[in-house]
Amino acid sequence: MDTKTNYLGLEIDSPIIAGSCGLTNDISNLEKLEAAGAGAVIIKSVFEEQIIYDIKRNLSMMAPTDNYGMSYEYIASHVADDSLGKHFDLIREAKKRLHIPVIGSINCYSFENWMTYTQRFQEAGCDALELNMAILPYETTLSCEDVERLFSDIINTLRKSVNIPISIKVSQNFTDMANFMQRLSWMNVNGITMFNKALNVDIDIDKLELTHAPSLSNPDDIYNTLRWVAILSKKLRCDISASTGVHSADDVVKMLLAGAGTVQVVSCLYKNGVDYMRTINDGLCSWMTAKGYDSISQFKGKLAVKANEQSSLFFRTQFMKHFAQL
Ligand SMILES: Cc1cc2nc3c(=O)[nH]c(=O)nc-3n(C[C@H](O)[C@H](O)[C@H](O)COP(=O)(O)O)c2cc1C
């Protein structure tokens, strides 16, 4: 069975990738994921605040009055032990021990001079870089145009600083999702990861405190990702990696049929252990055998909205087929 595919210009043996998370911050997990058939691994993100802290610490300039506010305090207490140095050591170690691509990850939300630091990912040997652009429309002063300009400024600057492939991980919140994703795919990026799952805030009504909702996804979370992958896979000029809500081999198959080039898994690994990667890979192979497919390319995008098809009509038809009968 040939499950080989190409992602960000890299040949990979399986379209199933371990997404960026705490599990990929550990060399023994990375080795287990490779042994269980992961096509690639995306290392736990470095956060923009960590980079800024490191830059300023090196320059002995960091002061609590800086713009990073509360996150400064958090980062200062957590990275005093040179977590960035350890992070790059992990990437170097992973590159020594693994044969599959090792993808670095940065979580960022602003346009600052932290981007020059991205070269260190390349120097550490990353095969590609995923940029988790956690820019959420929380500010009343932030317009669509501001957000989109930020994306293009960051991508243009990043492109000048590294020459490894870049993918952009986006949130599920865009007013002009289809239009912007297409324009993003024209911006000299190699891939778009759809989507990041935002951490939801909850309220503890006994303690009258803010708390956070569970961070793991549920199988039902797949549908939003599936919809957008199906709409966009034939309309973008770069690869799509599907993320959020993939919990089984069947989910992987659905994403590939919708046109995803690769599929990222995280929550299902937390729930079932990293060896679950093997179960999903085996399930994909069993489905391909049952359907008589020898390679991913034979069915990838088979159920996507066609390049010249109007997505709104396609979905209106599905909607009418279902609700007109109820
Ligand atoms: C515990 C945990 C840690 C995560 N850490 C990161 C991270 O460092 N960088 C990142 O881009 N995404 C991170 N994510 C998000 C995942 O990569 C993924 O986008 C999200 O969990 C949705 O995929 P899933 O449904 O397979 O879990 C994290 C998710 C979880 C649950």
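This is a predicted model: local features need pLDDT of at least 70, side-chain atom pairs count only at pLDDT 80 or more; totals for chains, interfaces and linings use all residues.
Reader: Which residues make the contact of α9 with α11, and how many are nonpolar?
Author: Two residues are in contact if their C-beta atoms, placed from the backbone, lie within 7 Å. From α9 the contact takes A249, V252 and V253, and from α11 it takes I280, G283, L284 and W287. Ala, Val, Leu, Ile, Met, Phe, Trp, Tyr, Cys and Pro count as nonpolar, Asp, Glu, Lys and Arg as charged, and the others, Gly among them, as polar. In the contact of α9 with α11, no residues are charged, 1 is polar, and the nonpolar ones number 6.

Reader: How do the axes of α8 and α9 cross, and is α8 parallel or oblique to α9?
Author: The axes of α8 and α9 come within 8 Å. Their crossing is at roughly 25 degrees. That angle makes the relation of α8 to α9 roughly parallel.

Reader: How many residues in the contact of α8 with α9 are charged?
Author: On the α8 side are I222, L226, V229 and A230, which meet D251, K254, M255 and A258 in α9. This contact divides into 6 nonpolar residues, no polar ones, and a charged group of 2.

Reader: Which residues of α9 are buried, and what covers them?
Author: A residue is buried if 20 or more other C-beta atoms lie within 10 Å of its own, exposed if 12 or fewer, and partly exposed in between, with C-beta atoms placed from the backbone. The buried residues in α9 are D251, V252, K254, M255, L256 and A258. Their cover includes β3, α8 (222-232), β12, β13 (262-265) and α11.

Reader: Where is S248, and which residues is it in contact with beyond its sequence neighbours?
Author: S248 lies in the loop between β12 and α9. It has 18 C-beta neighbours inside 10 Å, so S248 counts as partly exposed. When neighbours within four places in sequence are left aside, the contacts of S248 are I280 and G283.

Reader: Is T244 buried or exposed, and what is its phi?
Author: T244 sits in the loop between β12 (239-242) and α9 (249-258). It has 23 other C-beta atoms within 10 Å, so T244 is buried. Although T244 is not a glycine, its phi is positive, about 100 degrees.

Reader: What is the phi of N188, and where does N188 lie?
Author: N188 counts as partly exposed because it has 14 C-beta neighbours inside 10 Å. N188 is not a glycine, yet its phi is positive, about 65 degrees. Its place is the loop between α7 (177-185) and β9.

Reader: Which peptide bond is cis, and what is its omega?
Author: F195 is in the loop between β9 (191-194) and β10 (201-204). The bond from M194 to F195 is cis, with omega near 10 degrees.

Reader: Is F151 buried or exposed, and which residues is it in contact with?
Author: F151 belongs to helix α6 (residues 144-161). With 20 C-beta neighbours inside 10 Å, F151 counts as buried. Leaving aside neighbours within four places in sequence, F151 is in contact with M133 and L184.

Reader: How many residues surround the ligand, and which are the closest?
Author: A residue is near a molecule or strand if its C-beta atom, placed from the backbone, lies within 6 Å of it. The shell around the ligand divides into 5 nonpolar, 14 polar and 4 charged residues. There are 23 residues around the ligand, and the closest are S45, N132, S217, V266 and S267.

How values were computed: Residues are numbered from 1 along each chain as its sequence is written. Helices (H or I, at least four residues) and strands (E, at least two) are DSSP runs, numbered from the N terminus. Axes are lines fitted to C-alpha atoms, for helices over the stretch in contact, and angles run from 0 to 180 degrees between N-to-C directions. Angles under 35 degrees count as roughly parallel, over 145 as roughly antiparallel, 65 to 115 as roughly perpendicular and the rest as oblique.
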